[in-house]
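Work through the exercises below with the sequence and the coordinates side by side, and try each task before you read its solution.

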Amino acid sequence: MSLKIVSGTLADFFESARETAREIDAGQPLTHKQTLWVEAEDLVKLLQPQRLRLVHYLKSHSRVVLHDLAQAMQRQPSSVSRDLAVLAKYQLIRMTESPHTHRQVDQLVEPLFGQEGIELRVRM
């Protein structure tokens, strides 16, 4: 099952919820939907090439250390962190800390969208 990222108005969101309510009222079995509604300006941020490269990389990894991710992307960790913050805002990834040594902590990046992929839909 893929994650759908949908951009639309608040009315579009509520219309989608009404469709699910109609399914419930009709006694139809509910299909699990993994839909994420984002604001239009954030959709543009999500579609930036460097963030798409991160998503493609993370699809094939269950968990990666931020420093290793930055090396794989050939970018500075601070730049990768800024891009990951956008992905984390919509819970596409989870950032956790893991003690590396008693003086150093590794930041772990875990994708939450699975290996199936992400489907984008835009309503205008």
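**Exercise 1. Determine which elements cover the buried residues of H4, and where on H4 these residues sit.**

Step 1. The buried residues of H4 (66–73) are Leu-66, Leu-69, Ala-70 and Met-73, where buried means under 20% relative accessible area, exposed over 50% and partly exposed in between, with a 1.4 Å probe and protein chains only. They all lie on the same side of H4, because they cover an arc of only 100 degrees around the axis, the arc being that of the directions from the helix axis to the C-beta atoms.

Step 2. The cover over these residues includes H3, strand E3 (64–65), H5 and strand E5 (105–111); helices (H or I, at least four residues) and strands (E, at least two) are DSSP runs, numbered from the N terminus.

Step 3. Keep the origin of the coordinates in mind: this is a predicted model, in which local features need pLDDT of at least 70 and side-chain atom pairs count only at pLDDT 80 or more, while totals for chains, interfaces and linings use all residues. Residues are numbered from 1 along each chain as its sequence is written, and side-chain values use heavy atoms, with hydrogens and water left out.

**Exercise 2. Describe how H3 and H4 pack, and name the residues that make the contact.**

Step 1. The axes of H3 and H4 are 11 Å apart and form an angle of about 115 degrees; axes are lines fitted to C-alpha atoms, for helices over the stretch in contact, and angles run from 0 to 180 degrees between N-to-C directions.

Step 2. On the H3 side the contact (heavy atoms within 4.5 Å) is made by Arg-53, Leu-54, Tyr-57 and Leu-58, and on the H4 side by Leu-69, Ala-72 and Met-73.

Step 3. Turning to H3 itself, Arg-51, Leu-54, Val-55 and Leu-58 are buried, and they are on the same side of H3 because their arc around the axis is only 100 degrees. The face of H3 turned away from this buried side carries the exposed residues Pro-49 and His-56.

**Exercise 3. Identify the largest nonpolar core and follow the contacts of Val-109.**

Step 1. A nonpolar core is a set of buried Ala, Val, Leu, Ile, Met, Phe, Trp, Tyr and Cys residues joined through side-chain atoms within 4.5 Å. The largest one has 22 residues, and those with the most contacts inside it are Leu-58, Leu-69, Leu-84, Leu-87, Leu-92 and Val-109.

Step 2. Two or more residues of this core come from each of strand E2 (35–38), helix H2 (40–46), helix H3 (49–59), helix H4 (66–73) and helix H5 (77–89).

Step 3. Leaving aside residues up to four places away in sequence, Val-109 touches Leu-58, Ser-62, Arg-63, Val-64, Leu-66, Leu-69, Leu-84, Ile-93, Arg-94 and Met-95.

**Exercise 4. Locate Gln-74 and Gln-91 and examine their phi values.**

Step 1. Most residues other than glycine have a negative phi. Gln-74, although not a glycine, has a positive phi of about 55 degrees, and Gln-91 likewise has a positive phi of about 55 degrees.

Step 2. Gln-74 is in the loop between H4 and H5 and is exposed, with a relative accessible area of 74%. Gln-91 lies in the loop between H5 and strand E4 (93–99), and is exposed as well, with a relative accessible area of 62%.
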